Amino acid sequence: MDDLLYGTHPVREGLRAKRRRPLELFVVRGSHERHAEILSLAQEQGVPVRQRERSDLDKLVGMPHHQGLVLRVEPFPYAELEDLLDGWRNSGKDAFFLVLDGVTDPHNFGALLRNAEGAGCHGVIVAKDRSCPVSGVVDKASAGALEHLKLCRVTNLSRALEQLKEAGVWVYGLADGGDASLFELDLSGHVALVVGSEGKGVRPNVARHCDALAAIPMQGQVSSLNASVAGGIALFEVVRQKRKTA
């Protein structure tokens, strides 16, 4: 089944990216001047443009928050783990992966994907039975970053971590009361970060396959952070350390 992207940023990136073919663009009637850039991209790509009433677009996506733009695209193509590893090896850069264990909220999932793409990750790995599926909500929350990011679903997350380690990647899980402060670890080499679900965090079996568990030092009364916020902090600490040693 084809997917629907909606909102200015997801639709723009859906038209720009080469990940999946855009099939049809729906635009709210009378908005050509406001959406001139999007319409120009669609024309360049040869994507048919259909004008629709706002109420029709509301029904199409099931909500009114589409900014007058809906793009029908091919289903999202998940990557294999070997594709992610090959992409890293061919890049000539240090490995950088994000692994998500049980993140099921689409807004958190999308925000983490946006963080991962912005930080330059080679890909994101999730478990098939413990992750949020790709959807228009996820794509909108990622601000279109999903269209530029390799996403891999695996049957066994622990086994995937072992494969990363066999490839020379150090695996660090984020956890309250971890082995060390995130900011004290050396994250400048080949790194994969594991972020767990809100509430439960990284599962014990997955944690056992991490090389170390890292905690984000908290200064206030709240003991933990939102998963996407914690993931963003950790991802850009890796970026900071890599730039420092470059």
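Predicted model: local features only at pLDDT ≥ 70, side-chain atom pairs only at ≥ 80, totals over all residues.

Q: OK, what's the strand order in the open sheet?
A: It goes β7-β6-β5-β10-β8-β11-β9, seven strands with parallel pairing.

Q: And which strands are at the edges?
A: β7, residues 151-154, and β9, residues 180-181, each of which pairs on one side only.

Q: How many bridges does β9 make with β11?
A: Two, in the parallel sense, with β11 covering residues 212-215. Ala180 sits opposite Ala214 of β11.

Q: Switching to helices: which strands does α4 lie across?
A: α4 (81-91) lies across β5, β6 and β7, at about 160 degrees to β6.

Q: Now α5. How far does it reach?
A: From first C-alpha to last, α5 (106-119) reaches 20 Å over 14 residues, close to the 20 Å expected.

Q: Which of its residues are buried?
A: Asn108, Phe109, Gly110, Leu112, Leu113, Asn115, Ala116 and Ala119.

Q: And what covers them?
A: The cover includes β5, β6, β7, α6 (136-141) and α9 (227-245).

Q: What caps the N-terminal end of α5?
A: Asp105 does, with a side-chain oxygen 3.0 Å from the backbone nitrogen of His107.

Q: And what comes just after the helix α5?
A: Gly120, which has a positive phi of about 85 degrees.

Technical notes: Residues numbered from 1 in each chain as written. Heavy atoms only, no water. Pairing = 2+ DSSP bridges. Helix = DSSP H or I, 4+ residues; strand = E, 2+ residues; numbered from the N terminus. Contact = heavy atoms within 4.5 Å. Axes fitted to C-alpha atoms, helices over the stretch in contact; angles between N-to-C directions. Expected span 1.5 Å × (residues − 1). Buried < 20%, exposed > 50% of the residue type's maximum accessible area, 1.4 Å probe, protein only. Polar contact = N/O pair within 3.5 Å; in protein donor to acceptor, adjacent residues only side chain to side chain.
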